[in-house]
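Please consult the sequence and the model alongside the text.

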Amino acid sequence: MKLRWIAICLVVLYLCAGCTQNTKQKAQQVKQVKPKTQQAEQIKPNAKPEQVKIPQKKSNTPNLADGPEKKVRKPHPLSLADLRQKYRSTFLLNGPSSKREVALTFDDAPDDQFTPLVLDVLKREGVQATFFVVGNRVEAHPEVVRRIVKEGHLIGNHSYNHANLPKLSDAKFREQVNKTDKLISQYTGYTPNIIRPPYGNISEGQIQWLASRGKKIVNWNVDSLDWKGLTKEQVLTNVLAHVKPGSIVLHHSAGGKGEDLTCTVEALPEIIKQLRDDGVKLVNVAELLDLNIPTK
């Protein structure tokens, strides 16, 4: 009986010792894991969240007719109307309507056929106008340029060879302007601060460069459309039906090969008379726009 109790006691002691050992091992494991958990908690706030990618699958959703947004919504250059609005102090179409004045302007001069005839009319009527000249034509007809200057007309830059400026590199564009400026200054004594781009076309970068050099881009708000070879009556209508105080009127005193500008020569005296009868003063662009012409 006594031996039985001794055996039972030994078994109980053995079991208790085993439980104590397991408890110590678990406690040690907890201590080893805890620092790692704390470290993970410290790093977690600075960790970058993983991007969740939604797996692509076949869909019955109809496709977009003109393709995804990234293929269609690309930057587009500003239109001429946008550029005029954005650069209104540099890109000019007309003068102030508060002035009862109108500026007659003539593009593509000089030539030895129509420019002298236009000058004859202006001299006879006592009108000063603005001629936007092409550089290589200045070289070809220096005597006509001298007459323009002698008779008191204003001269502006119209490029060297009537290139479509937005199609040119920056270097070629600046060459067109600078070369023609130098030619004009030889006859006028000043470097013109007004320029009219051929076809009225110009890019935003070109406007910014011209503005940085103190130049004004002068287009028009009344177009005679004389380059179309119209009749005298059609030119009269195109001008007189649209002109108003502050208008800048576009004519041509020379043209491309084969273009006939007889309509302008014939219509000009009547345009001048009608405007004067209406109390309008005919001035050059600098006077209309209050521009100072720089001296050489």
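The model is predicted, so local features need pLDDT of at least 70, side-chain atom pairs count only at pLDDT 80 or more, and totals for chains, interfaces and linings use all residues. Residues are numbered from 1 along each chain as its sequence is written, and side-chain values use heavy atoms, with hydrogens and water left out.

**The chain as a whole**

- The chain has 11 helices and 9 strands, where helices (H or I, at least four residues) and strands (E, at least two) are DSSP runs numbered from the N terminus.
- Of the 296 residues in the chain, 38% are buried (under 20% relative accessible area, with exposed over 50% and partly exposed in between, for a 1.4 Å probe and protein chains only).
- The chain exposes about 18600 Å², of which carbon and sulfur atoms supply 53%; accessible areas come from the Shrake-Rupley method with a 1.4 Å probe.
- Among contacts (heavy atoms within 4.5 Å) between residues at least 6 apart in sequence, 77% join residues at least 24 apart.

**Helix α10 and its partners**

- Two packed helices are described by the angle between their axes and the distance between the axes.
- Helix α4 (residues 114–125) and helix α10 (residues 262–277) have axes that come within 9 Å and cross at roughly 20°; axes are lines fitted to C-alpha atoms, for helices over the stretch in contact, and angles run from 0 to 180 degrees between N-to-C directions.
- α4 and α10 are therefore roughly parallel to each other (angles under 35 degrees count as roughly parallel, over 145 as roughly antiparallel, 65 to 115 as roughly perpendicular and the rest as oblique).
- The residues in the contact of α4 with α10 comprise 9 nonpolar, 2 polar and 3 charged (Ala, Val, Leu, Ile, Met, Phe, Trp, Tyr, Cys and Pro count as nonpolar, Asp, Glu, Lys and Arg as charged, and the others, Gly among them, as polar).
- Among the residues of α4 in this contact are Phe114, Leu117 and Val118, while those of α10 include Leu268, Pro269 and Ile272.
- The axes of helix α9 (residues 232–240) and α10 come within 8 Å and cross at roughly 40°, so α9 and α10 are oblique to each other.
- The contact of α9 with α10 contains 8 nonpolar, 1 polar and 3 charged residues; Val235 and Leu236 are among those from α9, and Ala267 and Ile271 among those from α10.

**Helices α7 and α8**

- Helix α7 (residues 170–188) and helix α8 (residues 204–212) have axes that come within 11 Å and cross at roughly 40°, which makes α7 oblique to α8.
- From α7, Phe173, Arg174, Val177 and Asn178 meet Gln206, Trp209 and Leu210 of α8, and the residues of this contact are 4 nonpolar, 2 polar and 1 charged.

**Two buried residues**

- Glu101 lies in strand β2 (residues 101–109) and counts as buried because its relative accessibility is 12%.
- Glu101 and Leu288 are 187 residues apart in sequence, yet 6.8 Å apart in space, C-alpha to C-alpha.
- Leaving aside neighbours within four places in sequence, Glu101 has contacts that include Lys244, Pro245, Val280 and Leu288.
- His141 sits in the loop between α5 (135–140) and α6 (142–150), and its 16% relative accessibility is why His141 counts as buried.
- Apart from neighbours within four places in sequence, His141 is in contact with Pro110, Asp111 and Asp112.
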